[in-house]
Amino acid sequence: GSIDEAMDIKTLLLREMERSKIEVAANNFFDDLCVYGTGFMKLYHETREAMRSRRVPIMEPATLERLLQIEQGGPPLRPIGFQRTSPEPTVIYRGIRAYHVSIWDMFFASGARSVQGEPHAQRYYISLQDIIDGIRKGYYFEEAYKELKDVQEDIQPPEDKQPEASDLYRSTISTPKTAFAVPHRCYEWWGMLPRKWVYLRDDAPLMDGNPEELIPTKAVFANESLLSVDENEDYGAESPFLSTGYLHAPGEIYHIGVAEMIEQIQAAINEDTNQRRDNVQLILNRMFAILERAIVSRADLVSRPGGAIRIKSNSTDDVSKAIAWLDTPD
């Protein structure tokens with residue numbers, strides 16, 4: 001198009017990316033990129049609602065005299081006070097959403113070579129209230145609530161993240177939660193599924209094709225229940241995940257990071273450091289040999305600054321004949 005159209009598109013895109021707070025998500029993205037060699041980010045359009053009350057004005061009475069004044073160019077009706085409405089579903093955000101996905105929460109099929117070319121899944125937590133809201137909007141199956149409403153919170157981290165939780169001293173003590181605030185560990189899966197497994201809803205299109213035909217699909221499930229299965233609505237039939245690597249490894253999803261590059265160097269540094277520490281210990285804790293019958297007391301045989309070992313005067317005419325330091329071989 002024209003230069004003006006191009007500038008409008010650029011301005012709109014930059015504004016949407018700023019609203020998505022992509023620079024905040026990028027901090028964690030680059031952290032994973034440098035440590036593990038691979039980073040993941042999720043970028044998609046979102047409409048988010050929340051129960052909110054509103055502060056609405058109370059206008060002055062619209063008397064006949066005031067209406068005549070307004071028609072003659074007078075000031076409009078003015079608010080004389082405000083009142084709160086009852087909480088109701090309110091759109092609080094509509095736009096691009098960007099957030100970092102931890103490398104620990106992404107899963108791929110065995111032997112996968114690229115993010116978009118193979119089935120993959122993201123692990124995250126959603127509350128029971130989110131599931132109820134999704135059922136009301138038609139996103140999730142009604143049976144999901146029945147299966148999950150009595151499931152208690154699993155306070156233990158997933159098995160693959162337990163070493164990380166232990167290293168960071170994360171507590172497994174949970175805070176008290178209401179019934180609708182209990183988090184459930186769910187998985188968002190993207191890939192190809194047969195048509196007969198995709199169109200399960202009442203408003204699904206007629207099964208006029210081959211039931212075994214593969215369809216680009218998005219599915220959400222927990223360990224106890226299937227939440228949804230839907231056709232992938234993306235124009236290019238791709239998932240919203242983006243990924244890149246620090247040092248590209250051809251044909252691999254996981255690339256080489258800084259830590260892997262210096263692994264051998266770090267091992268050599270550790271070995272040299274340990275040897276130096278051992279040498280210091282050997283120097284500071286030298287051993288000696290002594291004639292037991294020549295000493296006055298075994299209590300003298302303690303390594304300490306300014307210490308002395310008493311030798312019996314009649315045992316020998318030369319102290320070096322009663323005690324001798326031992327050399328540590330290489």
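Buried means under 20% relative accessible area, exposed means over 50%, and partly exposed is in between, with a 1.4 Å probe and protein chains only.

## Basis of the model

This is a predicted model, in which local features need pLDDT of at least 70, side-chain atom pairs count only at pLDDT 80 or more, and totals for chains, interfaces and linings use all residues. Residues are numbered from 1 along each chain as its sequence is written, and side-chain values use heavy atoms, with hydrogens and water left out.

Helices (H or I, at least four residues) and strands (E, at least two) are DSSP runs, numbered from the N terminus. Contact means heavy atoms within 4.5 Å.

## Ser-86 and its loop

Ser-86 sits in the loop between β3 (79–84) and β4. Its relative accessible area is 58%, so Ser-86 is exposed. Leaving aside residues up to four places away in sequence, Ser-86 touches Arg-52 and Ser-53. Arg-54 is 32 residues from Ser-86 along the chain, yet their C-alpha atoms are separated by 7.6 Å.

## Helices α1 and α2

The expected span of a helix is 1.5 Å times one less than its number of residues. Helix α1 has 17 residues and reaches 24 Å from its first C-alpha to its last, close to the 24 Å expected. Helix α2 (residues 22–36) has 15 residues and should span 21 Å; its end C-alpha atoms are 20 Å apart, which agrees.

Ala-25, Ala-26, Phe-29, Asp-32 and Leu-33 are buried. What covers the buried residues of α2 includes β1 (38–52), β4 (88–101) and β10 (241–245). An α-helix has 3.6 residues a turn, so residues three or four places apart point the same way.

## Positive phi angles

Most residues other than glycine have a negative phi. Lys-21 is not a glycine, but its phi is positive, about 60°. Lys-21 lies in the loop between α1 (3–19) and α2. After α2 comes Gly-37, also with a positive phi, near 95°.

Tyr-169 is another non-glycine residue with a positive phi, about 55°. Tyr-169 is placed in the loop between α6 (162–167) and β7. With a relative accessible area of 77%, Tyr-169 is exposed.

## Pockets

Pockets are found on a 1 Å grid over the protein atoms alone: a cavity is a set of points where a 1.4 Å probe fits but cannot get out, and a pocket is an open set with protein on both sides within 12 Å along at least five of seven lines; lining residues have an atom within 4 Å of a point. Grid points are joined across faces, edges and corners, and a volume is the space filled by probe spheres set on the points. Ala, Val, Leu, Ile, Met, Phe, Trp, Tyr, Cys and Pro count as nonpolar, Asp, Glu, Lys and Arg as charged, and the others, Gly among them, as polar.

The largest pocket holds about 1,800 Å³ of space. Its lining has 49 residues, and Tyr-44, Glu-46, Tyr-139, Tyr-140 and Lys-218 lie nearest its centre. β1 gives the most to this lining, with ten residues. By class, the lining of the largest pocket has 22 nonpolar, nine polar and 18 charged residues. The second largest pocket holds about 520 Å³. Its lining has 24 residues, and Tyr-125, Asp-154, Gln-156, Pro-157 and Arg-185 lie nearest its centre. β6 and β7 are the elements that give two or more residues to the lining of the second largest pocket. That lining has nine nonpolar, seven polar and eight charged residues.

## Nonpolar cores

A nonpolar core is a set of buried Ala, Val, Leu, Ile, Met, Phe, Trp, Tyr and Cys residues joined through side-chain atoms within 4.5 Å. The largest core has twelve residues, including Tyr-124, Leu-128, Tyr-140, Cys-186 and Leu-227. β6, α4, α5 (143–148) and β8 each give two or more residues to this core. The largest share, three residues, comes from α4. Apart from this core lies another, of ten residues, among them Phe-40, Ile-103, Met-106 and Trp-190.

Leu-128 touches Tyr-145, Leu-148, Lys-149, Ala-179, Phe-180, Val-182 and His-184, not counting residues up to four places away in sequence.

## The end of α9

Leu-284 lies in helix α9 (residues 263–284). Leu-284 counts as exposed, at 57% relative accessibility. Leu-284 and Ala-249 are 35 residues apart in sequence and 48 Å apart in space, C-alpha to C-alpha.
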